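Me: I would like to learn how to read the features of a structure I have not seen before. Please take them one at a time, with the general idea before the case.

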Amino acid sequence: MKVASVLIPLPVHEAFDYEVPQAMMLARGDQVAVPLGPRLMRGIVTEVRETTGSNRRLKTVETRLDDPPLPPGTLDFVEWAARWTLSPPGEMAATALKGLRAPRPRPERRLRRVGDRTPARPTAGRTAVLEALGETAMPGPDLARAAGVSSAVVKGLVDEGVLEVFEIEAEAAFAAPDPAHAPAKLNPDQAAAADAMAVATAEGGFRAFLLDGVTGSGKTEAYLEAVARTLAADPAAQVLILLPEIALTQDLIARITARFGAAPAEWHSGVAPPKRRRVWEAVVAGRCNIVVGARSALFLPFAHLKLVIVDEEHDGSFKQEDGLVYHGRDLAVARARIEKAVVVLASATPSLETLWNAHGGRYTWLRLSSRHGAAVLPDIQLLDLRQCPPDPQTWLSQPLREAIAETLVAGEQTLLFLNRRGYAPVVLCRACGHRMTSPDTDSWLVEHRYTGRLVCHLTGFTMARPRICPSCGAEDSLVSVGPGVERVEEEVRQLFPEARTAVFSSDTVPDARAARALIQRMTDGEIDILVATQAAAKGHNFPLLTLVGVVDADLGLRGGDLRAAERTFQLLTQATGRAGRADRPGRAILQTWTPEHPVLMALAAGDRDAFVAAEMEEREAATLPPHGRLAALILSGVDALAVEKVATDLAAAIPNAERLEVYGPADAPLGLIRGRRRKRLLVRADRDVDLQGFLRAWLARVKVPGSVRVTVDVDPYSFL
């Protein structure tokens, strides 16, 4: 008999076997309906094999579904990603099928002429409608606009039977991009980089590139030219461009539309479910050439994937830490390898892992060393707050205030950067010292003055700012400590009441439409001073922006995160790089209490190589990434004793292994989240150690009760 292994899109760790009816033809990747308990479930066939019999009775595949099969590369990628991250392959399969869970788009209603019927009472408006329609079919609103009449005129022709309404299913297809539509003028470095990428896609096979260019060097134009040449050589080719932030997609979509004369598909959480389904079906059918999306777009069922681009590849947002835990950049490289495609990692501040691969020759290194056109990199000044401290309860020093005033007089724009949302990061009682925290969570509540509420940015909990301290009962004793972007904006409005000021953070621009509107206002010169978090620190081009003021350059250097220095260097390079990107020179002022810090000194000197060399030396001495590998086990549960027991059992069951150490268990820095107690164990291994194999063997030794959740984080980026 024939047996099919079927992967159910649930948190299951293996495919289930089902008997295949004799008349049914199945192949790897087919979608089927199979019984699971009392209900039928969708599943993906991973294998079909002949067998002489079974010692257990197998249930039978109910039917083969009409939905398209997953392409071989997509299914191979799903299975590989599950093995790499130690995640249930069923959960990975669910991610790959996410587009099919959405409803189909509604059929489109159109109007057409009924034979040669004419209206009983011809009028100028009715005649205009019939002339505009001709022998075609059009949606009613479009027809009314084309004829220059009201919708009532069109409705009257329908009521009279001159026009009829019919429905057509929306085809899952996107307009084909035209590679020759509007080519950009590239400088020699851009042209050489584009040529190298395009040649690699034409030759076929897996290749990885690092597109390393200073801020404003034209990396986007270079890789879009590579996209154009790829599509010119192979019109069926598909291209995936990954971005770390939804806010960045709108600008890139506009640039792609202008370059190719057709809009790309869009894939992220802000896309409506019916549109997401349309993208999924168009991608699997090969009727969509370019997709711009967030990290989950990696799981789309590409039929002919030739080029994968990871823009801002260093960005920590590519790491998903809720649900499935994976790094989008690393999985993008794996997807390209499986598809025998080309992958391009683009950044002005590449991650140390990517630089290590480029130094070792695993990635081809393409460099853009200067800004495009007449623009030059901004001058960076470290402002020692020990010498020029702000006034009490203010956050902007006098030299920065003067620089803002000069910029306003010149008719130019200022960006004040502080990577901290809200009004104040801490609210405490001056009577008893109590700090306001989220219920069942160790996270502090952040004050948002715009809404008058306290918000937990970890869990989403929100409450009105109380008048009485919940700990000691003192009235009007709660005070706001430290600045957020709202508090800096308040100070700016007091100092420069005539300036047009706005805040750019995920609170003030909660969706893509709001972000697009604010970015357009800034681009059009309608904002004088923009106070922003990292939402505005990357990927944006504001021609009139000539001054960047970093309110607290030391913020990211605090704490014990092994990547703190790297992240700070990257973020401040990106933030200061917003200045002077057009024909006006730019400058950046970084307020700091520690101007002697190596990160800030390297930043001011524009010496990335010195910073990278020093950071690499420290990592190598400790055998930390990229010279070693890390993995974390995070235990959580409502019952603290149960979590403690599992942690103790795991510590006692560590397999013997060379060139590998396990640290912990220890309480997580955030030891309580949503009522669940948390403990962590950290594994450090040399690069040639089979880390995943070690973790599988270790976890197999311990029986974990259902009340305790164990999350595996391979190559962790957060240590909270």
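**Reading the features**

Reply: Three strands make up an open sheet, ordered β20-β21-β22, with antiparallel pairing. The model is predicted: local features need pLDDT of at least 70 and side-chain atom pairs pLDDT 80 or more, while totals for chains, interfaces and linings use all residues. Residues are numbered from 1 along each chain as its sequence is written, and side-chain values use heavy atoms, leaving out hydrogens and water.

Me: Which strands stand at the edges of this sheet, and why is one side of each without a neighbour?

Reply: Strands of a sheet pair through backbone hydrogen bonds, either parallel or antiparallel. Here β20 (446-448) and β22 (462-464) are the edge strands; each has a single partner strand, so one side of each has no neighbour in the sheet. On average, neighbouring strands of this sheet are turned by 30° against each other, direction ignored. Strands are DSSP runs of E with at least two residues, helices are runs of H or I with at least four, and both are numbered from the N terminus. Two strands pair if DSSP finds at least two bridges between them. β20 and β21 (residues 453-455) run antiparallel and are joined by three bridges, with H448 opposite R453.

Me: How many residues of strand β3 are buried?

Reply: Buried means under 20% relative accessible area, exposed over 50%, and partly exposed in between (1.4 Å probe, protein chains only). In β3 (residues 31-36), five of the six residues are buried, so this strand is largely enclosed by the rest of the structure. β3 is joined to β4 (residues 39-50) by six bridges, and the two run antiparallel. L36 faces R39 in β4. The hairpin of β3 and β4 has two residues between the strands, and there G37 takes a positive phi near 65°. β3 also pairs with β5 (residues 63-64) in the antiparallel sense, over two bridges, and A33 stands opposite T63.

Me: Which way do the residues of strand β19 point?

Reply: In a regular strand the side chains alternate between the two faces of the sheet. In β19 (residues 426-429), V426 and L428 point one way, V427 and C429 the other, and all are buried. Four bridges link β19 with β23 (residues 478-481), running antiparallel; L478 is the bridge partner of C429.

Me: At what angle do helices α3 and α5 pack?

Reply: Two packed helices are described by the angle between their axes and the distance between the axes. For α3 (residues 124-133) and α5 (residues 151-159) the angle is about 80° and the axes are 10 Å apart. The two helices are therefore roughly perpendicular, a label for angles of 65 to 115 degrees; under 35 counts as roughly parallel, over 145 as roughly antiparallel and the rest as oblique. G125, R126, V129 and L130 in α3 meet V153, V154, G156 and L157 in α5.

Me: Which residues of the largest nonpolar core touch the most other members?

Reply: In soluble globular proteins, nonpolar side chains tend to be buried together. A nonpolar core is a set of buried Ala, Val, Leu, Ile, Met, Phe, Trp, Tyr and Cys residues joined through side-chain atoms within 4.5 Å. The largest one has 86 residues, of which L240, V291, F299, L300, F504 and L530 touch the most other members. Another core, of 29 residues, lies apart from it and includes A226, V227, L231 and I256.

Conventions
Axes fitted to C-alpha atoms, helices over the stretch in contact; angles between N-to-C directions. Contact = heavy atoms within 4.5 Å.
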